[in-house]
Amino acid sequence: MLLTQTGRVMSRKNSLFITLEGGEGAGKTTLLEKLQQALSEKGYEVVATREPGGTKLGNMIRKILLNRDIDCSIGNYTELMLFLAARTQHIEELIEPALEAGKIVICDRFNDSTIAYQGAARDLGVDKVEQQCFLACHGVLPELTFFLDLNPEIGLERTKKINKDSAPQGTVDRIEAEKMQFHQKVRSAIQQIAVKEHERILTIDAERPAEEVFTVALKKITETLLNKGITANV
Ligand code: Z5A
């Protein structure tokens, strides 16, 4: 989607911007990989990316934000600004050019994460953080979002079993290391956004097997592409 000068949000005709949201271990990375493969096989040009990250600067900011052993304090508002700085760069360098070129962009986490983690769980204020996200994105917003809803106790248990960013197995990052109450707040905040923005967000029960989650998401994307008249370049 993009924002007109009058502040009206409108969708791009020949491209689709999709985001994946949910707590740790909900299955976003798994779904991203499956969707990228399935859509590419159908002949669509797909850009799969994640936040924080997606650009060189974004990955540098990611290291600062997620490193549990970082040797300096990061205030909550500073944390918000770092996530948003990474996002603005991501949009300018990767997301917007890909959408302009008519590609499907699928991004693991985006504004809803910021509203839930920084706005709700860090208590910076949901409305205030939503406005800041809007500014940072200068109108480049997802048209479709899948919220993989999962009890964080199950999600965090799943992530303990995998290696992330070459970290030793069982290592948790700075945000994962927060108390369970923090992760419950995140879940509840995304659930509320999903109710409020039900036209954009499809909630999927992430306790279902990964293949079922993928089938539901792919069906929705296929319908959306059909509605927009977007066909693959085959
Ligand atoms: N953050 C923030 O605070 N503010 C922001 O604005 C943004 C982010 C953008 C990024 O972490 C952190 O930054 C994150 C939010 C915060 N907080 N934390 N921590 P990340 O990018 O490193 O990690 P993540 O986004 O939380 O993803 P994850 O932990 O890697 O989980 P996932 O991608 O959702 O899950 P997965 O890797 O696909 O699956 C995890 C395991 O479960 C794996 O072994 C799978 O094989 C398995 N799996 C997947 N699906 C299933 C199903 N359906 N059933 C059973 N098992 C499954």
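The legends below describe close-up views of a predicted model.

**View 1. The five-stranded open sheet.** The strands follow the order β4-β5-β3-β6-β7 and pair in the parallel sense. Strands β4 (46-50) and β7 (201-205) are at the edges with a single partner each, so one side of each has no neighbour in the sheet. On average, neighbouring strands are turned by 20 degrees against each other, direction ignored.

**View 2. Pairing of β3 with β6.** Five bridges join strand β3 (residues 16-22) to strand β6 (residues 144-149), and the pairing is parallel. Isoleucine 18 has leucine 144 of β6 opposite.

**View 3. Helices α3 and α4 on the sheet.** Helix α3 (residues 76-100) lies across β3, β4 and β5 (104-108), and runs at about 155 degrees to β4. Helix α4 (residues 111-121) also packs on the sheet, where it touches β3, β6 and β7. The direction of α4 makes about 30 degrees with that of β3.

**View 4. Helix α1 and its two faces.** Helix α1 (residues 28-41) has 14 residues, which at 1.5 Å a residue should span 20 Å; the C-alpha atoms at its ends are 20 Å apart, in agreement. The buried residues in α1 are Lys28, Leu31, Leu32, Leu35, Ala38 and Leu39. They cover an arc of only 145 degrees around the axis and therefore lie on the same side of α1. Exposed residues Glu33 and Glu41 are carried on the face turned away from the buried side. The packing partners of the buried α1 residues are β3, β4, β5, β6 and α8 (210-228). Just after the helix, glycine 43 takes a positive phi of about 100 degrees.

**View 5. The largest nonpolar core.** This core has 27 residues, and those with the most contacts inside it are Ile18, Leu39, Ile104, Ile106, Phe146 and Ile221. At least two residues of the core come from each of β3, α1, β5, β6 and α8. Helix α8 supplies the largest share, six residues. In soluble globular proteins, nonpolar side chains tend to be buried together.

View 6. Leaving aside residues up to four places away in sequence, isoleucine 221 touches Leu16, Ile18, Leu35, Leu39, Leu144 and Phe146.

Note on methods
Residues are numbered from 1 along each chain as its sequence is written. This is a predicted model: local features need pLDDT of at least 70, side-chain atom pairs count only at pLDDT 80 or more; totals for chains, interfaces and linings use all residues. Side-chain values use heavy atoms; hydrogens and water are left out. Two strands pair if DSSP finds at least two bridges between them. Helices (H or I, at least four residues) and strands (E, at least two) are DSSP runs, numbered from the N terminus. Axes are lines fitted to C-alpha atoms, for helices over the stretch in contact, and angles run from 0 to 180 degrees between N-to-C directions. Contact means heavy atoms within 4.5 Å. The expected span of a helix is 1.5 Å times one less than its number of residues. Buried means under 20% relative accessible area, exposed over 50%, partly exposed in between (1.4 Å probe, protein chains only). The arc is that of the directions from the helix axis to the C-beta atoms. A nonpolar core is a set of buried Ala, Val, Leu, Ile, Met, Phe, Trp, Tyr and Cys residues joined through side-chain atoms within 4.5 Å.
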